[in-house]
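Keep the structure open while reading.

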Amino acid sequence: MRSLTFVIGTGRSGSTTLSRILNTHPDVLSLNEYMASVGHAAFPEGQVSGGEFWEALFRPTPYFANMIRSGLLMPEFLYTRRPGQYTAQSTGIPALSLMVLPHLTDHPDGLLDEIRAAVIDWPDRTAAEHHEALFEWLGARWGRTAAVERSGYSTDWAPGLRAAFPYAKFVHLFRDGPDCALSMSRHPGYRVITLLREIKERTGVESFGDLTDEDVRSLPPDLAPLLNERFDPALVQERGFPLRRFGALWSELVAQGAWFLDELPAAQRMTLAYEDLLDAPQEELARLAAFIGVEPSRQWLDGACAQLDDSRRGSARKQLAPAELDDLRNSCAPGTRALEDRPS
């Protein structure tokens, strides 16, 4: 690809809309939730065969598969809206099929077959080189010259992506803290994330692969089932959460993103505030296009602006009682300070 850009951020910050907008640009290959889909398993060390790379693209993402089997669907699960030959209950939905391919085509099963035929016999090379080759293949398939990957909850990925693709550019997308945290609190994925983080905190493990049977037995009955392939969705949907937990999560993620960008050369970094995008969509999208390396045509800008929705701005202020709003703002304060100190 002529250009590779990663949009990192907390999620719940207008990032899905941004992926849709980028997908309408004739020169942009929009890789929606690619990193969230393939995960760390798609970046093993050493040389990787084409067949091994294909398995990393095909095998279902465990975290998402468990949610779907449990009837806990996220709006980002595009494949489940128009299901094809794969199901979570039988075959499992391939990693690329759940969110990435339905963003690109109305026929994700056919595209998945094309990808398998293309990559299965690729020579041994590093995982990063395989991903680059796939981006090239997809770009050629649609005549796109610039790839933009965007996943929610992705700031933790940034250092590894920088190491794998040192030439890549990064956009840090963020939204007003209380509004974003409130949105997180109502999203099934972020509710699960919060509970899984609690499991790690209680057991002291860094990854779930380190959990012992004793660790699992030590967990309360409203947490332990979440580690199963199937669980009662009410454990997530009906649980009460203090909003400040999501404010603290927002602060942690935006600070992580701001600190990462601060270490990048100026030519490889850009910040984008969701509120600025709403206030000045033409200017901000033109700036983004120039950073990516594509032309911000008038036709694209007009169509893109029509996709932006200003109705959710200020949701926390409109919907929360004053004391609850103050508590949420306090939990967001560390992240707000990190953004105020961000590089220009």
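E284 and R287 sit three residues apart in helix α16 (residues 281-292), so about one helical turn separates them. In this predicted model, their side chains meet in a salt bridge, with 2.8 Å from N to O. E284 counts as buried, at 12% relative accessibility. R287 is partly exposed, with a relative accessible area of 36%.

Salt bridges also form a network. Shared partners join E198, R202, D222, R239 and R245 into one network. Within it, the side chains of R239 and E198 form a salt bridge at 3.6 Å, N to O. This pair links distant parts of the chain, 41 residues apart. R239 lies in the loop between α13 (234-237) and α14 (243-262), while E198 lies in helix α11 (residues 188-203). E198 is buried, its relative accessible area being 10%.

How many salt bridges does a search of the whole structure find? The search finds 13. One of the salt bridges joins E114 and R141, whose closest N and O atoms are 2.9 Å apart. E114 belongs to helix α7 (residues 108-119) and R141 to helix α8 (residues 127-142), so the pair ties together parts that are 27 residues apart in sequence. E114 is partly exposed, at a relative accessible area of 32%. R141 also counts as partly exposed, at 37% relative accessibility.

| Salt bridge | N to O distance |
|---|---|
| E114 and R141 | 2.9 Å |
| R239 and E198 | 3.6 Å |
| E284 and R287 | 2.8 Å |

**A helix crossing**

Next comes a contact between helices. The axes of helix α10 (residues 177-185) and helix α19 (residues 322-340) come within 9 Å. They cross at roughly 105°. An angle of 65 to 115 degrees counts as roughly perpendicular, so α10 is roughly perpendicular to α19. Which residues make the contact? On α10, they are G177, P178 and A181. On α19, they are L325, L328, R329 and C332. The residues of this contact divide into five nonpolar, one polar and one charged.

**Aromatic pairs**

A pair of aromatic rings is described by the distance of the centres and the angle of the planes. The structure holds 12 aromatic pairs. Among them is the edge-to-face pair of F64 and F77, at 5.3 Å centre to centre and with 75° between the planes. F64 is in helix α4 (residues 62-69), and F77 is in the loop between α4 and α5 (95-98). The two are 13 residues apart, and the pair links distant parts of the chain. Are F64 and F77 buried or exposed? Both F64 and F77 are buried.

Y153 and Y190 form another edge-to-face pair, at 6.0 Å centre to centre and with 85° between the planes. Y153 is in the loop between β5 (146-150) and α9 (158-164), and Y190 is in helix α11. This pair also links distant parts of the chain, 37 residues apart. Y153 counts as partly exposed, at 28% relative accessibility. Y190 is buried, with a relative accessible area of 6%.

Ring pairs also build a cluster. They link F6, F43, F165, F170 and F260.

Technical notes:
Residues numbered from 1 in each chain as written. Predicted model: local features only at pLDDT ≥ 70, side-chain atom pairs only at ≥ 80, totals over all residues. Heavy atoms only, no water. Salt bridge = Lys/Arg side-chain N within 4 Å of Asp/Glu carboxyl O. Helix = DSSP H or I, 4+ residues; strand = E, 2+ residues; numbered from the N terminus. Buried < 20%, exposed > 50% of the residue type's maximum accessible area, 1.4 Å probe, protein only. Axes fitted to C-alpha atoms, helices over the stretch in contact; angles between N-to-C directions. Parallel < 35°, antiparallel > 145°, perpendicular 65-115°, else oblique. Contact = heavy atoms within 4.5 Å. Nonpolar A, V, L, I, M, F, W, Y, C, P; charged D, E, K, R; others polar. Phe/Tyr/Trp six-rings, centres within 6.5 Å; stacked < 30°, edge-to-face > 60°.
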